[in-house]
Amino acid sequence: MTRWDHGLAQSKTPVPLTPRQELRFMAVMVALTAGLGLYLLLTSVLIADDGMYHIRQAQRLMDSGGKPPQINFLGYSWLVARAWRLATTLGADPGGPTWIYTAQAVTLLCRVLAVLVFYRLGRILVEPKDCLVGMLVLIALPEPAHWGSDALRDWPSALFIGLGLLTVIRGILTERTRWFAAAGVLSGLGCAVHLVAAQGALLGTCWLGWRWLRPAATGWTRRRLLMAAGGLWVCFAGALWVVGAKQGFVIPERFNVMDEGADAAAGFDARASLRQEAGWSLQEVVTGAGRVIRGLAATVEALAENLMWFFAVAAAIGGIGLIRSRHRRIERFMVGGLLLVNVLLCVARYVWVEPHVSRRYMLTLTAVACFYVPAGLRTMAGWWVSRRSADNEKTDTTTAANRVFWLLLVVGLSVCVPKLVRPMRVDKQGYRDAARWIARNTDEGTVIAVFDPRIAMYADREGVRYVPDPQFGYLLFHRSGDGPDRDVRPMPADVEVVVEDVRPGQSRPDFDVPLEEAASFALKRGSSARVVVSRVTQ
């Protein structure tokens, strides 16, 4: 027995769960996920920058009555638009706050469904007890929980990836080709949310190709393998055609500055310089191994941060130990393939697009890694007990290892709690205070100039965004309804209120109009930075 397997041999034979127990556990997971998500939704201060883009796309869908021009990855925005229509039908106000809350509610619903999907996937990969503990860890992780109550498409995308993987594995285990056809449909529809949702179809195709080379190992004839692959790709192409016919696969060259968010629009696009820096040719990438290594390190760091580092160590130990100790080709192929595909995508994006790996890209891998956390904690507990029991051979090592296991689990969950219950973006409370003041002290038709479009959305007012020109230093203004490259230099004449982000030691922007300060709010508690609301007196 190697040290990786220490503690795994002590695990008992898994006891199958009854249907009633399955239903009970799933109900508990739904209650925990929904309850925590609702708390985070109601206490959130601001949505993410990217959420504004999705909400604007949903508004354009409703305004056009179908498909607006230049809209990409329609799926999440379409869901938000339908949820908004349902909310307004039930009597909700059709203003900006309703758009925000419906977008958050759609994401939360997708997170709840994704938790159930990954639970079913975990029941195939690991023991029932490990699956339950792993799902508890996934629910308690701060970053994934916050994304599940934000206006983001990461959980909807993870939902379709999980469905694709689950149906492919079901097809492999049951040896029925219809599951591969279902995987093709789900992966194709998932592409409406994000193209990475096609991973289920990709891994299913790779498995069928691998079995094609060795058909005797599974008992599948090559004719049946060909039928499964054909059904998968015909259904995938059909679903993709439906999605493409609806949205046209139009990807704008540059997103709307007003829609994309504050961090993405400094000088029209805050990442433009990064893209130029990362724009390597193929020859430079081959010779620039250092950049690839940095991309790999950034990818591993993003995954470890999602797992709070503590659970990342446990997942690595548990995954290596379980996969080495069990001869399950399906598990090795699917988990290894999922890891390889996601790492390659992140590294390629780091090298060719932008030298940054967002933690959100690691969401699917984070969910799968949680299945192996219990085995890793059990192995770590076994190591600890084996060292301690050397001095006292009469110690019941199994009982002691179980106690250490639960102690490690409680410690890990306790580390998550402070960050988990912290309201999202509480460090920008001043934005929300300014939006609340504007909503109470201005008329509905008031036009406001803002440095962050989220303030206008929460205030339910028309916003004109201003950003400093990177070359000449003066301000450029952009309306949310205008298309790209419609930025203007002078402030529009109908602007009545200006919102500024005033930082100590920084000069305030010159709007070339007389302003009268009406209100001021601290950016966060105890901060000297302020959000200042002024009225145009001209």
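Trainee: Why is Asp150 called buried?

Mentor: Buried means a relative accessible area under 20%, exposed means over 50%, and partly exposed lies in between, computed with a 1.4 Å probe on protein chains only. Asp150 has a relative accessibility of 1%, and therefore counts as buried.

Trainee: On what kind of model do these values rest?

Mentor: The model is predicted, so local features need a pLDDT of at least 70 and side-chain atom pairs count only at pLDDT 80 or more, whereas totals for chains, interfaces and linings use all residues. Residues are numbered from 1 along each chain as its sequence is written, and side-chain values use heavy atoms, with hydrogens and water left out.

Trainee: What makes the pair of Asp150 and Arg425 a salt bridge?

Mentor: The term requires a side-chain nitrogen of Lys or Arg within 4 Å of a carboxyl oxygen of Asp or Glu. In Asp150 and Arg425 the closest N and O atoms are 2.8 Å apart, and the pair therefore meets the cut-off. The two residues belong to distant parts of the chain, 275 residues apart: Asp150 lies in the loop between α6 and α7, and Arg425 in the loop between α19 and α20. These element names follow DSSP runs numbered from the N terminus (helices: H or I, at least four residues; strands: E, at least two).

Trainee: Which residues does the salt bridge of Arg359 involve, and where do they lie?

Mentor: Arg359 pairs with Glu143, the closest N and O atoms being 3.3 Å apart. Arg359 is in the loop between α16 (329–352) and α17 (363–369), and Glu143 is in helix α6 (residues 142–147), 216 residues away. Arg359 is partly exposed at 31% relative accessible area, while Glu143 is buried at 10%. Both also belong to a network of salt bridges that includes Glu305 and Lys419.

Trainee: How many salt bridges does the structure hold?

Mentor: The structure holds 15 salt bridges.

Trainee: How many disulfides are there, and why does Cys370 form no such bond?

Mentor: There are zero disulfides. A disulfide is a pair of cysteine sulfur atoms within 2.5 Å. The closest cysteine sulfur to that of Cys370 is in Cys416, at 9.2 Å, and is therefore too far for a bond.

Trainee: Why are Cys370 and Cys131 called buried?

Mentor: Cys370 has a relative accessible area of 0%, so it is buried. Cys131 also has a relative accessibility of 0%, and the conclusion for Cys131 is likewise buried.
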